[in-house]
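Please look over the sequence and the model below before reading on.

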Amino acid sequence: MTTATDAAVTELAGLLGRARAGIAFTGAGISVESGIPHFRGKGGLWTKFDPYKVAHIDTFRQDPAQYWTYSLNHRRTDAEPNPAHRALVDLERRGHLRAVVTQNTDGLHQKAGSSQVVELHGTSHGVVCLDCEQRFPRAQIDRLNREHCPPSCPACGGAFLKPTVVLFGEALPTEALQEAQSLALAADVMLIVGSSLQVYPAAAIPRLALEHGAELGIVNAEATPFDGRASVVIYGKAGEVLPQVVSQIAAG
Ligand code: APR
Ligand code: ZN
C-alpha cells in the first residue's frame with residue numbers, strides 16, 4: 001500500500017499498460033474534484049446526514065418534500081468532468097479500458113467522453129413518477145421544483161416524482177448489474193477509483209473480477225477493504241494521480 005510515489009505510479013501504469021480487457025470501477029471520490037461531495041470517510045455527506053433519512057425509498061415515500069427541498073438547495077447542475085474522468089477517457093482511447101462501471105449518478109463520465117458507462121445506481125438526470133411511471137428530464141422537474149416544492153407529476157398530478165437513482169432499499173437496475181457482471185468476468189485488470197467499496201451489491205463487482213483472475217489497481221483517498229488483495233494501491237486524489245499514470249503510459 002503506497003502513496004502516490006513515482007514507483008507506485010509506474011507500477012499502476014505498468015498494470016494498466018498490459019490490460020487488454022481492463023475496466024474501471026468508480027465511486028463518488030472521482031467526482032469530488034468536480035465539486036460533488038462523497039458520502040463516507042473524511043468529510044463525507046453521511047457523516048453529516050443520516051442516509052436512511054435522506055436517501056432511503058421508505059422515507060422518500062413518506063415525505064418526498066425532504067428530498068426535493070435538499071435538491072433545491074444543494075443540487076449541482078454545473079459540475080464538469082475533472083482530470084480523473086478525462087484520464088479514463090484517455091485510457092479507453094489507448095485500448096486499456098473497455099468500459100467504466102460507476103456507482104455515481106452525475107453523468108460526468110459520459111460528459112468527459114467515456115463511450116461505455118454502466119450506471120449501477122442509475123442517473124440523477126432523469127425523474128420517474130411512481131404513480132404513472134412516466135419519465136421526465138430532470139431539468140424539467142427541477143424547474144417545476146423551483147416554482148413549487150415538492151413538484152407534482154406533469155402527467156398525472158401524482159406527488160411521488162423520484163429521480164431515477166437507486167435509493168437505499170431499492171434493487172439495482174437488472175440490465176446494468178448484468179452488464180457490469182459480464183465485464184467483471186472478462187476483465188484482466190480493474191482500476192478502482194474513488195470508492196469506499198462498502199456498499200453491496202455494487203462492491204460485489206470488484207470481488208467478482210478478483211475471483212475470476214483480474215488484478216486490481218486502486219486509487220483512493222483512504223484505505224478500502226480490498227486493499228490487501230490489490231496488486232497496486234495508491235492513496236491520493238484521483239485528479240492528481242490518474243493523469244500521472246496516463247503520462248507514464250504515453251511516455252511508453
Ligand atoms: N480522489 C480519490 N478518492 C477520493 C477523493 C479524491 N479526490 N475524495 C474522496 N475520496 C474517497 C473517499 O476517501 C472515499 O473512500 O472516495 C471514497 C468515496 O466513498 P463513498 O463516499 O462511500 O462513495 P461510494 O463508494 O461511491 O459509495 C457507494 O453509497 O451512498 C451510496 O449510492 C451511494 O453510490 C453511492 C454508494
Ligand atoms: Zn404521474
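Predicted model: local features only at pLDDT ≥ 70, side-chain atom pairs only at ≥ 80, totals over all residues.

Q: Which residues of helix α5 are buried?
A: Helix α5 runs over residues 83–93. Buried here stands for under 20% relative accessible area.

Q: What covers the buried residues of α5?
A: The cover includes helices α1 (6–18), α6 (108–112) and α10 (238–251). It also includes the strands β2 (23–26), β3 (99–102) and β8 (189–193).

Q: At the start of α5, which residue has a side-chain oxygen that reaches the backbone nitrogen of A84?
A: The backbone nitrogen of A84 has a side-chain oxygen within 2.7 Å. That oxygen belongs to N82.

Q: Which residue with a positive phi follows α5?
A: The phi of this residue is near 85°. The residue is G95.

Q: How far is a polar side-chain atom of S196 from an oxygen atom of ligand 1?
A: S196 is among the residues that come nearest to ligand 1, along with F39, R40, S195 and E222. An N or O atom in the side chain of R40 is 2.7 Å from an oxygen atom of the ligand, and a polar backbone atom of A28 is 2.8 Å from one. For S196, the distance is 2.6 Å.

Q: How much of the accessible area of ligand 1 does the protein cover?
A: On its own, ligand 1 has 730 Å² of accessible area. The protein covers 94%.

Q: How many residues of the shell around ligand 1 are charged?
A: The shell takes at least three residues from each of domain 1 and domain 2. Eight of the shell residues are nonpolar and 10 are polar. The charged ones number four.

Definitions and conventions. Residues numbered from 1 in each chain as written. Chains lettered and ligands numbered in written order. Heavy atoms only, no water. Buried < 20%, exposed > 50% of the residue type's maximum accessible area, 1.4 Å probe, protein only. Helix = DSSP H or I, 4+ residues; strand = E, 2+ residues; numbered from the N terminus. Contact = heavy atoms within 4.5 Å. Polar contact = N/O pair within 3.5 Å; in protein donor to acceptor, adjacent residues only side chain to side chain. Near = heavy atom within 4 Å. Areas by Shrake-Rupley, 256 points an atom, 1.4 Å probe, with all protein chains shown as cover. Nonpolar A, V, L, I, M, F, W, Y, C, P; charged D, E, K, R; others polar. Domains from an automatic or database assignment.
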